[in-house]
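User: I am new to this structure and would like to learn how to read its features one at a time. Where should we begin?

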Amino acid sequence: MDKIIDQAWISLLANAMNKQEKMRPEIGDTIDLYLTQSRLLSLASKYTDSPTLLYQTAQASARRNTTVIVRKLGMPTDYFWKFDYWPRSRAMSTLGQLVKRVFASMMTQAKEGNMTIVQLEIEPLRITIDFEDCVECAGIEGATQGLCYYHAGTFSGILSGLINQELDAYETACQATGNNYCSFVVGAKEDIYIKGGNSNYLSHSEVSTDFVARLDKTLQNQSVRPVGDQANVNYHRLAIANALSADPERLAINHFQAGSEFGRKLASKLAGFYGENKLDNMSKYYSRLGELRIEMEGNQVLLELVLTECTESIGPDKPMEMMSFLFGELQGLTSEIIKKEMRVRESHFDGERLHLTLSSQS
Ligand SMILES: [Zn+2]
């Protein structure tokens, strides 16, 4: 998973510098942000430890990659040495500018959102980040607490890497709770105030929002963000790989289960929207979201799917764990559409083509 994560970071950097080559020649390199949302929120609503796992791995991988990027840019890695002793104004302008020029610019280019350091205190350390047009929660309504765990981890990881300190973060305001933008506070890991805020934030397990209903907007082409609903594929790859990274083998089973439950709800939603319950709805949905291309063969007993330009499998490394949510989703979708319990039987790659066989239980 680390390989995929690091490669996605480098692709985002290349993308910000306009040096990124197309990863998907046919579909292009953007997805609808609902794709990532549906996966992350399915996991968070089913497994109480999933926000913590996502936060922690996003933080560790952002920190690791920040160090790599800083080195790539030719900056000394101890640039922020004795950051604690810097005058507030110098710290604010230097850190603010670096973040803006490199990390915020990567995210803006990838249409993840617009990140700005808006406030900084040195003693005790408190950095406030505002994040507009946040990809992670755009269009979500009615949440009782912020749910942008991936970005909370990523922001604390970037800042930990830059100033070489152990930091943590939590979200103090979120678009999903009705705010106009998301806001995060970052501070020292051992700071009681930060510690309490962070553990409170991550232990909040209830996703009190109907993210399946949210799909209506996507299907009806109602944009949920001023900057549009498309985001770079590498954001999606990062979110999914980070959600698995703590224990890919075990978590792949959770991803499959959550995917399968979501797939059933998705089938009903698509049947309502397209006016009929057909396997063809799947192709329409995936192409609408820019997730993949799908070819189908076979019948209700044995169904062969060939997936190409699949978001989770682009790039040279293709661990099957990355596909676990999608496979669960396809099992749930086909079962609900065919009205028979379908099971994933086999999957393999033939070059870039991913073959998936499903069959009915009996
Ligand atoms: Zn948020």
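Analyst: We begin with a definition: a residue is buried if 20 or more other C-beta atoms lie within 10 Å of its own, and exposed if 12 or fewer do. Note also that this is a predicted model.

User: In strand β3, which side chains point to one face and are buried, and which point to the other?

Analyst: The general idea is that in a regular strand the side chains alternate between the two faces of the sheet. In β3, which covers residues 126–132, Ile 127, Ile 129 and Phe 131 point to one face and are buried.

User: Over how many bridges do β2 and β3 pair, and in which sense?

Analyst: Strand β2, residues 114–121, pairs with β3 in the antiparallel sense over 7 bridges.

User: How many bridges join β3 to β5?

Analyst: There are 6 bridges between β3 and β5, and these strands also run antiparallel. Here Phe 131 stands opposite Cys 182 in β5.

User: What about the backbone in the loops?

Analyst: Most residues other than glycine have a negative phi, and most peptide bonds are trans. In the loop between β2 and β3 lies Pro 124, and the peptide bond joining Glu 123 and Pro 124 is cis, with omega about -5°. Asn 18, in the loop between α1 and β1, has a positive phi near 55°. Lys 111, in the loop between α4 (88–109) and β2, has a positive phi of about 60° and is not a glycine.

User: Is Asn 18 buried or exposed?

Analyst: Asn 18 is exposed, because it has 7 other C-beta atoms within 10 Å and the cut-off for exposed is 12 or fewer. Lys 111 has 19 C-beta neighbours inside 10 Å, so it counts as partly exposed.

User: What should helix α6 span, given its 12 residues?

Analyst: At 1.5 Å a residue, α6 (residues 192–203) should span 16 Å. Its end C-alpha atoms are 16 Å apart, which agrees.

User: Which residues of α6 are buried?

Analyst: Ile 194, Asn 198, Tyr 201 and Leu 202 are buried in α6. Seen down the helix axis, the buried residues fall within an arc of 90°, so they line one face of α6. On the other side, Ile 192, Tyr 193, Gly 196, Asn 200 and Ser 203 are exposed. The cover over the buried residues includes α3 (50–72), β4 (167–173) and β5 (182–188).

User: Into which domains is the chain divided?

Analyst: The division gives domain 1 (2–219) and domain 2 (248–360). Their centres, taken over C-alpha atoms, are separated by 29 Å. Where they touch, 22 residues of domain 1 are in contact with 20 residues of domain 2.

User: Which elements supply the side of domain 1 that touches domain 2?

Analyst: α1 (2–16), β1 (30–32), α2 (33–46) and α7 (215–219) each supply at least two residues. The largest share, 7 residues, comes from α2. By class, this side of domain 1 has 11 nonpolar, 5 polar and 6 charged residues.

How values were computed: Residues are numbered from 1 along each chain as its sequence is written. This is a predicted model: local features need pLDDT of at least 70, side-chain atom pairs count only at pLDDT 80 or more; totals for chains, interfaces and linings use all residues. Helices (H or I, at least four residues) and strands (E, at least two) are DSSP runs, numbered from the N terminus. The expected span of a helix is 1.5 Å times one less than its number of residues. The arc is that of the directions from the helix axis to the C-beta atoms. Two residues are in contact if their C-beta atoms, placed from the backbone, lie within 7 Å. Domain bounds come from an automatic or database domain assignment. Ala, Val, Leu, Ile, Met, Phe, Trp, Tyr, Cys and Pro count as nonpolar, Asp, Glu, Lys and Arg as charged, and the others, Gly among them, as polar. Two strands pair if DSSP finds at least two bridges between them.
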